[in-house]
Structure formats: C-alpha cells, structure tokens
Amino acid sequence: MPSIDQIPISIVSPDEMLTGQADAVLTEIAGMLKRLLDDGIEGSIDLRGLALSGADRVWLEKQLGRGEVEIMLEAGGWSVLTETAYPGVWKVMHRDDRDRVVAELIEVAFVPAIIRPDNGDVKKGHESLLLNLKAKTAGV
Amino acid sequence: MERSDTLQEKMEQNGMSRRTFIKYCASLASLMALPPSAAYAMAEALGKAKRPSVIWLPFQECTGCTESITRSHSPSIEGMIFDMISLDYQETLMAAAGHQAEEALHAAMKENYGKYVLIIDGSVATGLDGAYSCIAGRSNLESLKEAAKGAAAIIALGSCASFGGIPKANPNPTGAVAVSDIIKDKPIVNIPGCPPIPVVITGVLAQFLTFGTLPELDKLGRPKAVYGETIHDRCYRRPFYDQGKFAKTFDDEGARQGWCLFELGCKGPVTYNACATTKWNDSTSFPIESGHGCIGCSEPDFWDAGGFYKALSMPADPLKMAATAAVAGAAVGVAISFANRAKKGAAKSAHETTKLEDLEK
C-alpha cells in the first residue's frame, strides 16, 4: 500500500478555477462607460452578486489594472475606492467596523457617489464653520 | 416606549454619518439584488422611517434560526435591533421572563395594533388542538391567531414556519403546519432555510421600511431577490456541470478537482436560495464549497425528499420504503438499517471507496 505522499492527488481549490464569467463583466463595464460618456448615466456592478471564483476575481483585477487615484474613506469601517486603469471605472470595497467586507462594487462614474458630500451635510458644515468663526471673533 | 424616533435621528444620536449609512444600505441593496444605486434611495427613505415594532414568537423550533440571526455578520443583530427595529418581544433574547414577558407581549401588541411586524420561527402544532407546543399555558396555534390579528405583516422565518419543516416530516406526529396554513388574511413573507440566511430578514425589513411594501414574492411566498435563482444557477461548480464533469464519489479524482456534485445527490438544481453568493460564516463558504452537495433545506418537505445522497436523476422511492415497513413491520426497517451499517462497516474495514449506495439507507 503506498504511503499518503505517494498517492497522486491534484486538488484544485475553487479559488484556482477560471470559470470564464469575468469576461462578461468586462463587456458590461465597457457598455456602462459608453453610457456615462453619452448620457452621463452612472452605473455599478455588485461583484458579490456574481458567481465569480477567486481566480476570476484575480483575472478581473488584472484586466482592470490600477489608475492614479486611491481614496480611503473611514465611515463605520474603512472603505477603499480605487480608480482602475480605465478612468471612470472604480473598484469599491466597503468594510464594516470589524473589518469585514460588506459590499464590493465596480462603479462607473466620474467620482463615486459616496465621496460627494450631501447638500445637507455641506449646509451643516457651513453653519458649524460660521459658529466657529463667530466664537473666535467674540473671543478676540 | 418612544416611537417617534426616525432612523436618521437614531443614527445621529449614535454619531453615525450619512456615508456610514449609505455603506450599510449598499450591503442591504446587494443582498436584496437591488441595483447598487438603490443604496442611495434606500438611505434617504430609511433615514426618514420610524422604527417599527417587531414581535417575534418562537413555536416548534430548535432555536437554530435565532442562532443564525444572532450570528449574522452584517448588519449585526445589535445594529438590527437598536437601529432599525424596536424588538418588543423575543423570548430567547429578552431579559424579561414569565408573567413579565407575557405582559410585555400584550402591551406591545396593544400599543402597536395594526402596525407591528410579526416574526414566527417554528411550525405550528395543530394536533390535539395544538397541545403539543404551548407557551405560558397557551397553544402556539392560539397565540399565532391572536398575534396575527394586529400584525401589519408576518415573516415566517425558517423552513419550519414557512413550510412545516422537520416537525412536519413523516409521520408528522404533532400535526405541524406552516404559518400560511393557518393565517390567510395577512401578507406573509416566507424566509425558509434550515437555518435561513441571516441577513435576508434585515433586507426584508429594510425594504418594508424603505418602500412601505414587502418584496416581490415567488409562488411559495419567498422574496424573489433572494430565492429567485437556484443554488445551481449561482454555483461556482456550474461550469463543470455544463461540461459533464461530475464527482462520482466523495473521494475520487473528480471530487478532488472540484467537479459538480450532482451525481452525489446535490439538490442545488431544484433549490432556490442565495447560499452560493451570500455564503455563510462571514461569507467564508457554503456547503458545496466544502465538498458536500446542497440538501435543499429551503424547499418544502426537504427532509422527506428521498435521500440527501441520491442524484436528482435517480427515482426517489420513499413510497417503496413506506410500503415495505407497513407490510413487514418495523423489524424490516431495523434489519435494513443493520444491513446497511454492516455494508458501511465492511467497506470501511476493507478500505474500499465509499459509494453512493453505502450512504443511502
């Protein structure tokens, strides 16, 4: 009887299998970019909703490459928004306060929507700044 | 109890920013298969929503559903309870007990009559007028009828509440039935699974709060967003099925290569659920990824479907087994069991490869 190391076993983990499904994602992104250019319509793809293997994800990441911008956002956990080699295509990964991934998206937009501050937030910030200035003036 | 708090106010009190909430909504939108852009609409609508009262009654159940929910990764149960809903009654989680708990239940029902969301886990025993399962001296059947009257909507959590589940398995000694078999005049959302995927319940509640409606349901009352596709449709092993590459045993070369488990009894092709994409244990994996076929736990009567290790293409023969037992008595069943055990034992001692028939009763 052969010992365990003599038994020829070739284990392929799910993370090593290319299923071919990432190709379709690239085509979809190209369509979204065209819509952004032609009509200004933003789009996004939920990567966690697709049956991509680990190898598919690595392949996709390689195809998309890296651009010049990387944004770190700290809001209930860290988020990383990375521009790909194709301007207007962003890879977005949201983590919760325990560092677990809660959403993983490809966003096609000039700037990811979560980065742009909301009108209400800007208004509150403005009021707060005015109060601060008033207090400083009163202090002087 | 303060009911005027909106989620926005609660968030601000807790120092939660708009962006944090958008992230939270992005995870819910992802779960409910809404377009990622819906996260912004959800954030706006949810921010203005009042916290709904939720009453959760456990019937004939094993607490697996509660275990599943309380171990959900995101959003956490704490977040769900404190930020999103007002959980006014849940026997496993609440501090109150006995008469105090019953008073809390009735106070919540009275105060929020017509507006609360009723969650049921466990099937409803109907045998002997429901006497098989009682809480505080009242049958589950009676409690359900009373609580359902004032509910805006009912969520049947888990396969037992949705379809009767394991308590309903043959020979169903307690006369177990699903919630929808008893209540006919209220909107009911079934969230089956044994246990169900934890974040689905939060997603359903979020949609209820955001759009004021329940999600679109399939013919079995399940949210289409989660149960719209089979495990097989979203399985990473699907390409092997398409190529005709199947593992024949759990330890053959095909199994090692990660080929499709269809011939080993995987019920993925007829099971509607999101395990393949949402996954379990903080999105670590799901059963097929661990090398075992799907057992179809989110489908009605999965326990009596003819064997977890029988391929779907093989005829299920529970009738034959039942007839055998009826004619020859229980002793035959015992004999079959011993014979199969002996077969398993023989295979083990001879270091034979375990085959399908060894695993089947």
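I started with the largest nonpolar core, which has 40 residues; Ile119(B), Leu157(B), Ile191(B), Phe286(B) and Ile288(B) touch the most other members. By nonpolar core I mean a set of buried Ala, Val, Leu, Ile, Met, Phe, Trp, Tyr and Cys residues joined through side-chain atoms within 4.5 Å. Buried is under 20% relative accessible area, exposed over 50%, partly exposed in between (1.4 Å probe, protein chains only).

Helices (H or I, at least four residues) and strands (E, at least two) are DSSP runs, numbered from the N terminus. Domain 1 (7–226) and domain 2 (229–315) of chain B each put in at least three residues; the bounds come from an automatic or database domain assignment.

A note on the source: this is a predicted model, where local features need pLDDT of at least 70 and side-chain atom pairs count only at pLDDT 80 or more, while totals for chains, interfaces and linings use all residues. Residues are numbered from 1 along each chain as its sequence is written, chains are lettered from A and ligands numbered from 1 in the order in which they are written, and side-chain values use heavy atoms, with hydrogens and water left out.

Then I went to Thr230(B), in the loop between α11 (224–227) and α12 (238–243) of chain B. Thr230(B) is buried at 4% relative accessible area. A polar atom of its side chain sits 2.9 Å from the backbone nitrogen of Asp233(B). Beyond four places in sequence, I found Thr230(B) in contact (heavy atoms within 4.5 Å) with Gly268(B), Pro269(B), Thr271(B), Tyr272(B) and Asn273(B).

Definitions and conventions:
A polar contact is a pair of N or O atoms within 3.5 Å; within protein, one must be able to donate a hydrogen and the other to accept it, and residues adjacent in sequence count only if both atoms are side-chain atoms.
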